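Trainee: I would like to learn how the words used for a structure are tied to values. Could we go through some of them together, one term at a time?

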Amino acid sequence: MDANGYSDPYVKICLKPDMGKKGKCKTQIKKRTLNPEFNEEFAYDIKHSELAKKSLDISVWDYDIGKSNDYIGGCQLGITAKGERLKHWYECLKNKDKKIERWHTLLNENHVASD
């Protein structure tokens, strides 16, 4: 949180291995909150068979004016994930025409880890 007691969080997602700008998306910034809700959808133009070889990096950042944004935490869904993140990824691959929503705990590390 910033000195004012709040944060200005946003989420970045990246489909890897890197697809360039087509693989990166970012949510709107939620101003002055410690409990944001991001109800945004993103779509990637990718063949379903290729998706199994990818992973989705999800990171949450605190937007700061005039200095670098602060990393809050993140997680990764994909074939290299473990536990619930891996189950979620497999369920999404198995049910390609359905929305599969899950909650995941963010890891507070500089790099998004598998679990």
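Trainee: Why is N108 called exposed?

Mentor: A residue counts as buried under 20% relative accessible area, as exposed over 50%, and as partly exposed in between, with a 1.4 Å probe and protein chains only. N108 has a relative accessible area of 64%, and therefore N108 is called exposed. Please keep in mind that this is a predicted model, in which local features need pLDDT of at least 70, side-chain atom pairs count only at pLDDT 80 or more, and totals for chains, interfaces and linings use all residues. Residues are numbered from 1 along each chain as its sequence is written, and side-chain values use heavy atoms, with hydrogens and water left out.

Trainee: What makes Y90 partly exposed?

Mentor: The relative accessible area of Y90 is 43%, so Y90 is placed in the class in between and is called partly exposed. Y90 belongs to helix 2, where a helix is a DSSP run of H or I with at least four residues, a strand is a run of E with at least two, and both are numbered from the N terminus.

Trainee: Where is N108 found, and which residues is N108 in contact with, leaving aside its neighbours within four places in sequence?

Mentor: N108 lies in the segment after helix 2, which spans 83–94. Contact means heavy atoms within 4.5 Å, and, once the neighbours within four places in sequence are set aside, N108 is in contact with Y71, I72 and G73.

Trainee: How many helices and strands does the protein chain have, and in what order do they run?

Mentor: There are 2 helices and 4 strands in the protein chain, and from the N terminus on they follow the order β-β-α-β-β-α.

Trainee: What makes the protein chain as compact as a globular protein of that length?

Mentor: The radius of gyration is taken over C-alpha atoms, and the globule rule is 2.2 Å times the number of residues to the power 0.38. For 115 residues the rule gives 13 Å, and the radius of gyration of the protein chain, 15 Å, is close to that, so the chain is as compact as a globular protein of that length. Of these 115 residues, 34% are buried.

Trainee: How do you know that residues 1–104 carry the annotation "domain: C2"?

Mentor: That comes from the UniProt record, an unreviewed entry, and such annotations may be inferred rather than shown by experiment, with feature names shortened and positions given in the numbering used here. In the model, residues 1–104 are 15% helix and 27% strand, and the end C-alpha atoms of this span lie 20 Å apart.
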